[in-house]
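Here is a structure to work through by question and answer. Have the sequence and the coordinates open side by side.

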Amino acid sequence: MPHILIVEDETIIRSALRRLLERNQYQVSEAGSVQEAQERFSIPSFDLIVSDLRLPGAPGTELIKLGQGKPVLIMTSYASLRSAVDSMKMGAVDYIAKPFDHDEMLQAVSRILRDRQTVQSLQAERVASGKASASDKPGADNSNGEIGIIGSCPPMQDLYSKIRKVAPTDSNVLVQGESGTGKELVARALHNLSRRAKAPMISVNCAAIPETLIESELFGHEKGAFTGASAGRAGLVEAADGGTLFLDEIGELPLEAQARLLRVLQEGEIRRVGSVQSQKVDVRLIAATHRDLKSLAKVGQFREDLYYRLHVIALKLPALRERGADVNEIANAFLARQSAKAGRNDLRFGPDAEQAIRHYAWPGNVRELENAVERAVILCESPEISADLLGIDIELSDLDVEEFIGLAPQTGNSASSTAHEPTEDLSLEDYFQHFVLEHQDHMTETELARKLGVSRKCLWERRQRLGIPRRKTGVASET
């Protein structure tokens, strides 16, 4: 069970975070300051340190040095988000802005611990084999260990091969794929296998930062550049100097910010908001999107010159439904991880669950699969996990969606025989669109997502992709 240290001076936040982590099978210790943490604990003994940036006495960044290489996740208020840039430069493994939701924190903790475990495993393998790199091992089946992505289907093997060829270069990379396919994992593999691996990789979700702040966040600003800019701040591009900048959902980047980013790629320099001086940066850019940037460029929603700068190397991640037996392999990996968290070693998938996993279309991809397995582990009372515990709507892949979304006629026996005729030609995206349009006026986003078997984030992303904006009328509140 991973042991996590929380250093936070606000008792309410510290207690809430402790309860959240303990509910998810982490061992947790806590302190209100760096000094208290030093006095009570051996800081290098923890697997992860989660600390507020501003603390009484020494700042949370002191724990980076005191942890002797142990990962430190910095928490910072949104108002001081840009100060997290300095934390990354000092060696923090990542930062998270307050207020954060529970899923965001759990995902960050899980990813950091998983990355650390992967690095430790690779180091152990290399020592045991006496070789400098796991990539020296022959054979395709065991050659994706250093990449850290599960799966051995032909499209993934082709992807691994391209990652190894591209990673040592400084070429810009565009990672394409549906939501939940693992685009950030590809970006991290490219970074970890590059000469920049010891420098920071800064990850930015372009869709998560307000449009009015995106330029300041990315490129920094000078004192007085805008209302509230009481001091100059470095941007996230500067934080990535010498390393890798990963821009997720780059299709959401405003056109003005795109122009500034183009300058970074063309000239290798940035200019802070409100400044007349430029400064050089050495950054490798990896961008990711689920949108068709070429089509967006044609209609003026994305700069064509930036598109071609990004499209030096394009890596396409296959959807989970296109990966064959990989889906069961990934499900078993998630099962092992969730079982360990729950303290159970007797769980296995029943035959019906394995069939459901293999044949369901997984519109939310790997993210949806992980959520389904976690749900099943929590609810399972016997050693065997049945299909119904996964909470997936397997009817979608059985073309029995009319009943699920309420489209099937309810009168007459002949109706059932003709109901399949128009619907069998519909794609899963069509079913999704029908369901949302049919029910969004009397269901909340949470209820819609639950019925569709996806997360609210996935529901939002698919709304954007299919052009189904949330209506202003109808169910307007989740409260």
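Buried means under 20% relative accessible area, exposed means over 50%, and partly exposed lies in between. The model is predicted.

Q: Is R260 buried, partly exposed or exposed?
A: The cut-off for buried is under 20%, and exposed starts over 50%. R260 has 25% relative accessibility, so R260 counts as partly exposed.

Q: Which side chain meets E215 in a salt bridge?
A: E215 is buried, with a relative accessible area of 18%. The bridge is 2.5 Å, N to O, and the partner of E215 is R260.

Q: How many residues apart in sequence are the parts that E215 and R260 tie together?
A: The side chains of E215 and R260 meet in a salt bridge. E215 lies in helix 8 (residues 214-219) and R260 in helix 10 (residues 255-267), so the pair ties together parts that are 45 residues apart in sequence.

Q: What separates R188 and E184 in helix 7?
A: The two form a salt bridge, with the closest N and O atoms 3.3 Å apart. R188 is buried at 13% relative accessible area, while E184 is partly exposed at 27%. Because they are four residues apart in helix 7 (residues 183-192), the separation is about one helical turn.

Q: How far apart are the end C-alpha atoms of helix 13?
A: Helix 13 (residues 326-342) has 17 residues.

Q: Which residue follows helix 13?
A: Within the helix, the buried residues include V327, I330, F334 and L335. Among the elements covering the buried residues of helix 13 are helix 6 (154-166) and helix 15 (365-379). The residue after helix 13 has a positive phi, near 70°, and is G343.

Q: Which handedness does the crossover from strand 1 to strand 2 have?
A: Strand 1 (residues 3-7) and strand 2 run parallel, joined by five bridges. I6 stands opposite E30 in strand 2. The chain passes through helix 1 (residues 11-23) on the way, and this β-α-β crossover is right-handed.

Q: How many disulfides does a search of the whole structure find?
A: A disulfide is a covalent bond between the sulfur atoms of two cysteines. C153 is buried at 9% relative accessibility, and C380 is buried at 5%. For disulfides, the search of the whole structure gives zero.

Methods
Residues are numbered from 1 along each chain as its sequence is written. This is a predicted model: local features need pLDDT of at least 70, side-chain atom pairs count only at pLDDT 80 or more; totals for chains, interfaces and linings use all residues. Side-chain values use heavy atoms; hydrogens and water are left out. Helices (H or I, at least four residues) and strands (E, at least two) are DSSP runs, numbered from the N terminus. The expected span of a helix is 1.5 Å times one less than its number of residues. Buried means under 20% relative accessible area, exposed over 50%, partly exposed in between (1.4 Å probe, protein chains only). Contact means heavy atoms within 4.5 Å. Two strands pair if DSSP finds at least two bridges between them. A crossover is right-handed if, with the strands pointing away from the viewer, the path from the first strand over the helix to the second runs clockwise. A disulfide is a pair of cysteine sulfur atoms within 2.5 Å. A salt bridge is a side-chain nitrogen of Lys or Arg within 4 Å of a carboxyl oxygen of Asp or Glu.
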